[in-house]
Amino acid sequence: MRIIYLDEPTYLPDDFAREMARLGEFEVFADRPDRPTALARLANADVAIVEWTRLRDLDFGRFDRLKHIALVMTGCDLVDLEAAGAAGISVSNCPTYSAQSVAEHVFALLLAVNRRLFQADRLVRRGESHVYGPFLAGELAGQTMGLIGTGRIGQAVARIARGFGMRVVGANRSGRAVPDVEALDIRDVMRLSDVVSVQVPFTATTKGLITAELLGSMKKSALFVNTSRAGLVDEAALFALLRDGGIRGAGLDDVVRTADNPLYGLDNVVLTPGTAWYTETAREANMTELLDTVRAYVGGTPRNIVNGSYLRKA
């Protein structure tokens, strides 16, 4: 059994490497390979751990040896799941490690936008003190937190929101009931909420989920927070609303356009570079979950398989 870490680990503790080596020959590549290099590496592996490399528009049938791809993260958009499944290659993810860290980041973004913390910090550093006018904010207690997506992260956001004394409403694609979250249609969540928080996996079916129409239905006083992939949101429409006062502010952990994005010029937006998940606790939990997932596959009891329906068709 040959297991490779295909591309530049963000974090790879020694004990993780030792345990992986118990499962088979284990090789770590510390770069982000170009496509030909990635394909050559994949062709010589039974299991590939993938963190950065896009495996889309790819003939998975060319790989006689590769049987499993273990994604380091929760999101699965790096891999064409259907094509991999059709070639008999299973794909797993790590679905649980970061729910609490991301939920806490939702509130870090929310509070930074709501209380204009970065503007206040700059003002104090210029020597100002006890300036009130620009910093009038609403309190979260009594406001409505609207969740787009009520899975593990959404439920963690809901718990924190209730601690602030907020009413929590939410919408999900399955229509399943979630304890202590009032179920509404997505249109009503967007229309009625004082804060909208998006935590939805990015897939072909969810791309562009938050349309210009939905964004335009929000209260002018509302705040918008997205800790999922930016491709879920009509970014041009969001920018226009923020620029023109259509909503009060936004906190974003990802953007579609990374160069010269007009969002960068708005002072009612707080941006972070995909770090919502990145805490010491989540980082360790990620390694544990990844190790357990690969170990389960090698042991013949695969878990966290995200393309099972496509495998059944293979």
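**Exercise 1. Find which residues have the most contacts inside the largest nonpolar core, and which elements build this core.**

Step 1. The largest nonpolar core holds 43 residues, and Met-20, Ile-49, Phe-60, Ile-69, Val-79, Leu-290 and Val-294 have the most contacts inside it. A nonpolar core here is a set of buried Ala, Val, Leu, Ile, Met, Phe, Trp, Tyr and Cys residues joined through side-chain atoms within 4.5 Å; buried means under 20% relative accessible area, with a 1.4 Å probe and protein chains only.

Step 2. Two or more residues each come from β1 (2–5), α1 (14–23), α2 (35–43), β3 (47–50), β4 (68–71), α3 (81–86) and α10 (280–298). Helices (H or I, at least four residues) and strands (E, at least two) are DSSP runs, numbered from the N terminus.

Step 3. The most comes from α10, which gives six residues.

Step 4. Another core lies apart from this one, with 28 residues, among them Val-189, Val-198, Leu-214 and Ala-250.

A word on the model: it is predicted, so local features need pLDDT of at least 70 and side-chain atom pairs count only at pLDDT 80 or more, while totals for chains, interfaces and linings use all residues. Residues are numbered from 1 along each chain as its sequence is written, and side-chain values use heavy atoms, leaving out hydrogens and water.

**Exercise 2. Describe the surroundings of Asn-93.**

Step 1. Find Asn-93 in the loop between β5 (90–92) and α4 (99–114).

Step 2. Asn-93 counts as buried because its relative accessibility is 8%.

Step 3. Leaving out residues up to four places away in sequence, Asn-93 touches Leu-71, Met-73, Thr-74, Cys-76, Thr-293, Asn-304 and Val-306 (contact means heavy atoms within 4.5 Å).

Step 4. A polar atom of the Asn-93 side chain lies 2.9 Å from the backbone oxygen of Thr-74.

Terms used. Buried < 20%, exposed > 50% of the residue type's maximum accessible area, 1.4 Å probe, protein only. Polar contact = N/O pair within 3.5 Å; in protein donor to acceptor, adjacent residues only side chain to side chain.
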